[in-house]
Amino acid sequence: MSKLSIGAIAVAIALAFSAGALAAQPMSKDAYQAGKDKIAAEYKSAQTACNALAANAKDICMAEAKGQRKVAKAELEASNKPSDKTRKAVSVAKAEAAYAVAKEKCDDKAANARAACVKEAKAAETRAKQKSAPSASTSKTESVGEYADDAVITAKVKAAVLNEPTLNSAEINVETSKGRVQLSGFVSSRADIDRAVKVAKGVEGVTSVKNDMILKGTQ
């Protein structure tokens, strides 16, 4: 599947999610159960794929599968019961999932480099969790409509980054609050940071872009 197609799917998913958020209604019991069943089926399929691998490649694959399942469950809860608490849980799940994968990838490095890698990944997780805490200005005043708009903007920025061949989208996290986009994660060069910020600023609806991306190997 092309990057463009994946990007279009990401936006479509966000639009569908935001429509549900605007209604501010819980999912039906059947829809909720269907969501749970789909997550379980996708995790089982991922497990099967991972079992074909060996050594640390298998460990990384399993960490990714577990992380995706964790995030999917949090997103399902946020869809079923939209609130600051469930939305924060999604951000926390993403941070923990990213850390689990990064930690496994660190195992491929030598002793000292591995320790630094784990420390770097942990610092990124901590930063992501701190940023997920709702501020006083948004925790109770942000309307469902505003959250829906932010979900669409986030999806569009992610799609734009995904479609940019010079960027590694898997390492760039996107959060949006009232049109203000925050980019975080690890990138390989200053040029990548500048390019990601430029791409985000070019997305319709984005009012500002805050850069919290970190160059690999630095803190």
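Both Cys50 and Cys61 are buried in the predicted model. The two residues form a disulfide, with their sulfur atoms 1.9 Å apart. The link of Cys50 and Cys61 is left-handed, with -80 degrees about the S-S bond. Cys50 belongs to helix 2 and Cys61 to helix 3, and the pair, 11 residues apart, links distant parts of the chain.

The helices joined by this bridge also pack against each other. The axes of helix 2 (residues 29–50) and helix 3 (residues 55–80) are 9 Å apart, and the packing angle is about 175 degrees. Since angles over 145 degrees count as roughly antiparallel, helix 2 and helix 3 are therefore roughly antiparallel to each other. On the helix 2 side, the contact includes Tyr32, Ile39, Tyr43 and Cys50; on the helix 3 side, Cys61, Met62, Arg69 and Leu76 are among the residues met. The residues of this contact comprise 10 nonpolar, 3 polar and 6 charged.

The structure holds 2 disulfides. Besides the bridge described above, a disulfide joins Cys106 to Cys117, with an S to S distance of 1.9 Å. The torsion about the S-S bond of Cys106 and Cys117 is about -75 degrees, so this disulfide is left-handed. Cys106 lies in helix 4 (residues 84–106) and Cys117 in helix 5 (residues 111–132), so the bond ties together parts that are 11 residues apart in sequence. Cys106 is buried, with a relative accessible area of 0%, and Cys117, at 17% relative accessibility, counts as buried. With bonded cysteines counted along the chain, the disulfides of the protein chain follow the pattern 1-2, 3-4.

Terms used
Residues are numbered from 1 along each chain as its sequence is written. This is a predicted model: local features need pLDDT of at least 70, side-chain atom pairs count only at pLDDT 80 or more; totals for chains, interfaces and linings use all residues. Side-chain values use heavy atoms; hydrogens and water are left out. Axes are lines fitted to C-alpha atoms, for helices over the stretch in contact, and angles run from 0 to 180 degrees between N-to-C directions. Helices (H or I, at least four residues) and strands (E, at least two) are DSSP runs, numbered from the N terminus. Angles under 35 degrees count as roughly parallel, over 145 as roughly antiparallel, 65 to 115 as roughly perpendicular and the rest as oblique. Contact means heavy atoms within 4.5 Å. Ala, Val, Leu, Ile, Met, Phe, Trp, Tyr, Cys and Pro count as nonpolar, Asp, Glu, Lys and Arg as charged, and the others, Gly among them, as polar. A disulfide is a pair of cysteine sulfur atoms within 2.5 Å. Buried means under 20% relative accessible area, exposed over 50%, partly exposed in between (1.4 Å probe, protein chains only).
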